[in-house]
Amino acid sequence: MNGTTVSDTALAADATMAPQVGAKAANLGRLVAAGYRVPPFVVLSAAACARILEPIRGSIADALDSLDHSDPASLRAVSGEIRTVIRAQPIPADINTELSAEIREIAERTAQSGVRLAVRSSVSGEDSATDSFAGQLDTLLNVAPADVSAAVLEVLASAYSERSLFYRGHRGLDNTEIDCAVLVQVLIDSAVSGVAFSCNPQTGDPGEAVVSAALGLGEGVVAGTVECDTYFVDAAARTIVSRSVAEKQSRVAVAADGSGTVIEQITAVTGQALTDAQVVELVDTATGLADTFDAPQDVEWAYDAEGALYLLQARPITATGARETIFDNVNVAESYPGLSSPLTFSILRNAYEQVFRACHKDFGATDAIVDRNAASLYPYLVGTAHGRIYYNISNWYRLFLQIPGMEFAIEGWEAALNIENRYQRPAAPKQGLARAKMYLLRLRIAAIITVGWLRLPRRLRAFFAELQAFTVDLDHRLDPETPERERDPEALLEWMERCLHELVPAYAVQIFNDFLAQQMFHVVGLLLEREGLTEPSAITLRNELFCGEEGVDSVDPVRSALALTATVRADAALRELFEGPLEPHEVWKALAQPEFADFRGACLRHIALFGDRTVDELKLETDPLGEHPERLVPMLRNYLRGGQNIDDMAAREKQIRRDAERTAARLFRGKLPQRLAFRFALGRAREHVKQRENMRLGRSRSFGLVKRVFREYGRQMHAAGLLEDPRDIFWLTYEEIAALTRGTAVDTDAARTVVRRKSDHERWRVEQLPSRIVTAGIAAVGFNDPGFDHPAPNGDSGSVLHGIGCAPGRVEAPALVLATPEPDVVVDGQILVAASTDPGWVFLMVAAGGLVSEKGSPLSHTAIIGRELGIPTVVGVAGVTRLVASGDVLILDGKAGTATIVQEHSS
């Protein structure tokens with residue numbers, strides 16, 4: 001090497017040569033040095049390329065003097081002039097000689113006959129973390145060794161293409177000084193190829209890797225010209241979370257006549273382009289490179305026909321978005337419908353933190369895992385948006401996936417909570433150490449669950465004993481005869497802290513029991529389906545098998561109320577009172593008469609036992625029945641009118657159960673192993689579901705204690721002049737109350753805070769938030785989406801087209817359907833719609849409101865540029881050019897991956 005060429009082996013051995021070869025070649029040298037399989041290559045150095053261009057530097061500079069990068073006509077004229085000059089420039093003989101010798105050497109090192117080459121740029125600054133130059137310089141594929149000289153000139157000329165001049169001008173980069181080397185590399189005739197990101201390029205989430213794959217050469221993926229599969233992978237657990245598998249009808253292949261590449265139409269392939277093992281191998285590679293190079297990596301790769309993996313490029317990921325977080329209230333809204341007070345949310349958040357920290361250890365999380373998640377995971381399992389409580393679903397997945405071997409439980413958990421499925425388990429390893437490791441992890445989890453199951457009865461008893469001790473203690477503290485110092489604000493705060501650190505963690509037994517209930521309930525349904533039932537029929541039969549269960553404590557409040565109703569029905573005087581015109585509070589007052597003393601006593605016993613079981617019982621602002629005993633009257637009146645009878649109800653449920661058991665028995669007749677497995681699963685599921693309901697009543701009583709504490713706290717804060725009304729305490733958070741008590745509050749005007757929050761809730765009350773909210777970066781920005789303030793009316797007939805979101809953002813604008821990216825087309829904020837795109841669309845994208853295409857992937861050039869320029873981009877929308885016409889008004893959501901037709905053009 002005399003300063004003209006640099007071989008791959010020389011570059012790998014001496015990293016100081018990197019400045020001579022440009023960023024792309026330097027990155028490949030690092031890959032070779034790190035031991036990865038890279039197709040052989042040689043680099044025509046930047047110094048050699050400068051020698052080639054030196055005689056025409058003046059001509060290039062003169063042309064650039066007249067450039068206006070914002071004017072398409074100027075770009076076209078200047079680019080055409082410079083490229084013509086470069087193509088006509090001869091390459092010095094000594095450079096040609098040395099380059100030809102190096103090409104012969106790399107050709108001899110490949111097993112392929114009739115070697116073909118890829119010739120591409122390697123520019124200083126290219127493939128950096130801030131400027132990817134994605135697709136802005138030409139790459140020539142399927143080049144014969146004899147044609148390399150012409151290809152080199154074409155690549156050098158592409159540094160002055162219209163799109164390159166525009167890109168650098170728009171990014172504020174200098175067009176006059178382009179330090180360019182040229183990379184010549186053996187072209188791998190790949191069976192499948194694509195790109196792998198070590199982190200999610202849209203959200204920047206390092207916990208989620210992304211792989212995109214297509215059949216044939218990788219040009220189809222990066223150019224977005226063929227159908228692609230996309231896989232989203234949990235980077236820590238190496239499990240495929242979700243996948244989008246396209247029907248692949250085309251691939252990029254080398255042209256038979258040697259003139260570059262062609263897009264071949266093929267018989268549709270509906271299966272995955274990659275095996276799950278290959279997806280994991282690519283994630284291993286990408287994340288390994290990210291660790292080695294200390295930056296998230298974008299890796300182009302190819303598998304040949306024998307399944308050997310080659311790395312073609314690796315560069316830092318450019319313009320990653322913020323971390324994505326999914327909030328979902330499908331299940332939590334059952335306990336916290338509508339708006340909840342700030343105090344309710346803050347106590348709930350603290351409770352979830354303590355409970356799941358404890359239960360994570362129950363399921364086998366090591367001390368190291370628990371410590372690692374103490375600050376970032378457990379405190380953030382729930383969120384609040386405009387007064388409504390949501391699960392932070394992203395963190396719930398992390399809970400499962402951080403325990404090796406626990407991923408099997410996610411499907412049952414999703415089904416139990418009715419949460420939209422995001423997770424798909426990868427195929428099990430077929431052989432070797434990976435399969436042995438899988439079985440060992442499953443055995444470990446099975447052992448943990450077995451031990452937990454054996455300890456379950458004792459732990460359930462311990463929780464209720466703890467609850468009773470806290471109840472007795474609070475009864476004593478709030479007794480008027482008890483000295484006031486035992487219920488002053490500091491004493492109440494200390495009681496609450498003990499509750500959160502002692503009683504609440506004890507409730508983790510409910511989570512373990514819930515887990516067993518969810519899994520066994522799911523297994524019962526699966527076993528019924530295996531016997532030939534459709535999924536809806538299996539669900540119906542399973543539900544019927546759980547009717548008529550005895551010993552369910554959470555049903556006792558209803559049974560008690562129905563017993564009171566039966567007393568009313570049997571007593572003429574009581575019946576006349578309840579069926580009469582008096583208001584509920586008047587009825588309750590009348591029950592104080594001596595003739596109703598026994599019935600009133602029964603009502604008070606019901607309230608003492610079950611007063612915490614009310615509508616919205618887990619909201620601290622909801623008063624328990626004991627504070628408004630007259631509310632029992634409407635309940636009993638409803639039962640009285642409806643004619644409900646506890647014995648009749650029990651008999652009906654037991655008959656449904658018997659009929660279901662006979663149906664199940666017929667399904668398993670003559671199948672002893674299956675029948676035994678079903679009976680075991682059903683028995684365990686029934687027991688755990690029953691205990692689940694019993695614990696829910698215990699949870700209601702626990703929240704009842706907390707309600708009493710903060711009602712007393714509110715009275716004291718009101719007496720101290722901090723609150724206008726004792727109930728205003730519910731508008732403060734637990735942390736704010738503690739800060740006011742102990743002198744760490746940065747704002748001591750609690751009354752002002754209450755006024756503002758009451759106003760917020762009145763405004764939020766009329767909103768209709770979605771059940772699922774996906775945020776990127778700062779969650780509050782996503783919660784403040786203006787669309788929440790004015791939700792679309794029910795029955796909106798807008799047509800929603802689905803694809804893959806590549807660049808986040810939301811825009812409403814007319815569509816502009818284009819077949820080719822003509823620079824002269826008028827683009828002024830429209831949403832560009834195309835069958836496919838190439839890097840030339842960068843001109844149009846800058847002026848567009850967004851872009852949607854039928855083909856492409858999150859890793860195509862268009863997606864990368866969309867992210868860099870901040871333009872909402874959605875790809876993979878099947879048939880969009882047929883379904884959308886120019887002038888149709890679209891709402892494009894680059895985060896959700898949707899394009900909604902909200903108004904069709906009148907023509």
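Tutor: What follows starts with the basis of the values, goes on to the salt bridges, and ends with some other local features.

This is a predicted model, in which local features need pLDDT of at least 70 and side-chain atom pairs count only at pLDDT 80 or more, while totals for chains, interfaces and linings use all residues. Residues are numbered from 1 along each chain as its sequence is written, and side-chain values use heavy atoms, with hydrogens and water left out.

Of its 907 residues, 52% count as buried. Buried here means under 20% relative accessible area, exposed means over 50%, and partly exposed lies in between, with a 1.4 Å probe and protein chains only. The accessible surface comes to about 39,600 Å², and carbon and sulfur atoms hold 53% of that surface; such areas come from the Shrake-Rupley method with a 1.4 Å probe, and for residues only the protein chains shown count as cover. Among contacts (heavy atoms within 4.5 Å) with a separation of 6 or more, 68% are between residues 24 or more positions apart.

Now the salt bridges. Side chains of opposite charge can pair when their charged atoms come close. The rule used is a side-chain nitrogen of Lys or Arg within 4 Å of a carboxyl oxygen of Asp or Glu, and by this rule the count is 40 salt bridges.

One of them joins D8 to R109, with the closest N and O atoms 2.6 Å apart. D8 is in helix 1 (residues 8–13) and R109 is in the loop between helix 6 (93–108) and strand 3 (117–123), so this bridge ties together parts that are 101 residues apart in sequence. D8 counts as buried, at 3% relative accessibility, whereas R109 is partly exposed, with a relative accessible area of 36%.

R772 and D328 form another salt bridge, at 2.8 Å from N to O. This pair links distant parts of the chain, with R772 in strand 17 (residues 772–776), D328 in strand 14 (residues 324–328), and 444 residues separating them. Both R772 and D328 are buried.

A further bridge is made by R742 and E490, at 2.9 Å from N to O. R742 sits in helix 26 (residues 734–742) and E490 in helix 16 (residues 489–506), so the pair connects parts that are 252 residues apart in sequence. R742 is partly exposed at 37% relative accessible area, and E490 is partly exposed at 30%.

Salt bridges also join into a network that links D473, R477, R498 and E502.

Charged residues turn up in a helix packing as well. The axes of helix 20 (residues 572–579) and helix 23 (residues 632–642) come within 10 Å and cross at roughly 105°. Axes are lines fitted to C-alpha atoms, for helices over the stretch in contact, and angles run from 0 to 180 degrees between N-to-C directions. Angles of 65 to 115 degrees count as roughly perpendicular, under 35 as roughly parallel, over 145 as roughly antiparallel and the rest as oblique; helix 20 and helix 23 are therefore roughly perpendicular to each other. L577, F578 and E579 of helix 20 make the contact with V633, L636, R637 and L640 of helix 23. By class, this contact has five nonpolar, no polar and two charged residues, where Ala, Val, Leu, Ile, Met, Phe, Trp, Tyr, Cys and Pro are nonpolar, Asp, Glu, Lys and Arg are charged, and the others, Gly among them, are polar.

Some single residues complete the picture. H761 lies in helix 27 (residues 750–764) and counts as buried at 5% relative accessibility. Apart from neighbours within four places in sequence, H761 contacts L339, S340, S341, P342, G387 and W731. H386 has a positive phi of about 50° although it is not a glycine. H386 lies in the loop between strand 15 (382–385) and strand 16 (388–392) and is buried, with a relative accessible area of 9%. R238 also has a positive phi, near 60°, in a residue other than glycine. R238 lies in the loop between strand 8 (229–234) and strand 9 (239–244) and is partly exposed at 26% relative accessible area.

Notes:
Helix = DSSP H or I, 4+ residues; strand = E, 2+ residues; numbered from the N terminus.
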